[in-house]
Amino acid sequence: MPATDKGWFDSVAIDYARCRPHYPDAFFAWMADQSPALTCCWDAACGNGQASIGLSRWFNRVEATDLSAQQIAAAEQHPRIHYRQGAAEQSDLSSDSMDAVLIAAAIHWLDVERFNQEVRRVLRPGGLLVWLGYEPIQGAPQDLQTWLNRLYHERLNRFWPPERTHVDTCYTNLPFPVCNQPLPKGLRITEHWTQNDLLGFISTWSALRQASQQVDSNDQSRSLITNLSEELKEIWPQDSAQVTLQLPLMGRWGVFP
């Protein structure tokens with residue numbers, strides 16, 4: 001069964017749509033340049049459509065599928081995007097119908113071999129496949145960056161699902177179906193976040209969701225976020241309502257023969 005069946009993000013679909021960072025326009029412009037045509041693109045495991053909206057600026061039609069009905073329900077609507085619930089490993093899209101396929105921040109949750117087979121089926125000759133992800137937050141003020149690094153790599157380390165190791169290796173240990181290369185350097189997400197924005201993003205992490213599920217009561221679960229909020233107040237730059245944070249994009253891409 002696909003790893004997405006675990007439903008890590010079903011219960012936070014609204015927060016996921018509101019709090020997750022937004023992919024930069026420069027990435028979608030680059031992807032459009034690599035695609036053999038701009039007729040139709042498949043956004044596989046689209047979540048709440050964060051990448052679908054960006055793709056719709058370049059492709060005439062975007063087929064956006066996700067296993068989670070909750071995520072689809074939270075997606076931003078657009079006339080060029082067709083959202084539909086469904087597994088990435090069995091899309092029900094027509095064969096040889098897509099100019100490009102994007103999977104954003106999700107390849108590590110899938111049955112990769114089955115997904116690769118489905119991509120081979122739906123892509124037209126010369127079609128583009130892109131696995132997109134992003135690295136942990138960088139560029140914060142020193143005390144905040146130290147706190148973020150410890151939270152991600154140490155304090156929550158035992159709660160990250162095992163699939164997250166593929167993110168830390170930038171997907172290099174997963175089988176890409178054709179000759180491929182890493183995404184161009186320099187592409188990055190830039191966010192100007194308040195304390196609440198950053199805390200909202202952290203609250204959607206699968207590690208924090210798992211940690212919350214393992215505590216003894218709802219009160220203790222809520223206290224995890226409360227404690228992090230109090231810690232953030234202590235280290236947040238006193239003269240700044242917002243801080244500028246960056247998440248470098250990473251991933252792999254290739255063109256099918």
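This is a predicted model: local features need pLDDT of at least 70, side-chain atom pairs count only at pLDDT 80 or more; totals for chains, interfaces and linings use all residues.
Q: How are Trp-30 and Trp-253 arranged?
A: Their ring centres are 5.2 Å apart and their planes stand at 90°, so the pair is edge-to-face. Trp-30 belongs to helix 2 (residues 25-34) and Trp-253 to strand 8 (residues 243-255), 223 residues apart. Helices (H or I, at least four residues) and strands (E, at least two) are DSSP runs, numbered from the N terminus.

Q: Are those two buried or exposed?
A: Both Trp-30 and Trp-253 are buried; buried means under 20% relative accessible area, exposed over 50% and partly exposed in between (1.4 Å probe, protein chains only).

Q: What about Trp-42 and Phe-115?
A: Their centres lie 5.8 Å apart with planes at 55°, so this pair is tilted. Trp-42 is in strand 1 (residues 40-44) and Phe-115 in helix 5 (residues 112-122), so the pair ties together parts 73 residues apart in sequence.

Q: Switching topic, how many salt bridges does the whole structure have?
A: The search finds seven, a salt bridge being a side-chain nitrogen of Lys or Arg within 4 Å of a carboxyl oxygen of Asp or Glu.

Q: Which residue does Arg-155 bridge to?
A: Arg-155 pairs with Glu-231, with the closest N and O atoms 2.8 Å apart. Arg-155 lies in helix 6 and Glu-231 in helix 10 (residues 218-235), so the bridge connects parts 76 residues apart in sequence.

Q: And where do Glu-154 and Arg-150 sit?
A: They are four residues apart in helix 6 (residues 142-155), separated by about one helical turn, and their side chains form a salt bridge at 3.5 Å, N to O. Glu-154 is exposed at 52% relative accessibility, whereas Arg-150 is partly exposed at 38%.

Q: Finally, what does the side chain of Ser-68 reach?
A: It reaches the backbone nitrogen of Gln-71 at 3.0 Å. Ser-68 is in the loop between strand 2 (61-66) and helix 4 (69-73), and is buried, with a relative accessible area of 6%.

Definitions and conventions: Residues are numbered from 1 along each chain as its sequence is written. Side-chain values use heavy atoms; hydrogens and water are left out. A polar contact is a pair of N or O atoms within 3.5 Å; within protein, one must be able to donate a hydrogen and the other to accept it, and residues adjacent in sequence count only if both atoms are side-chain atoms. Rings of Phe, Tyr and Trp (its six-membered ring) pair if their centres lie within 6.5 Å; planes under 30 degrees apart count as stacked, over 60 as edge-to-face and the rest as tilted.
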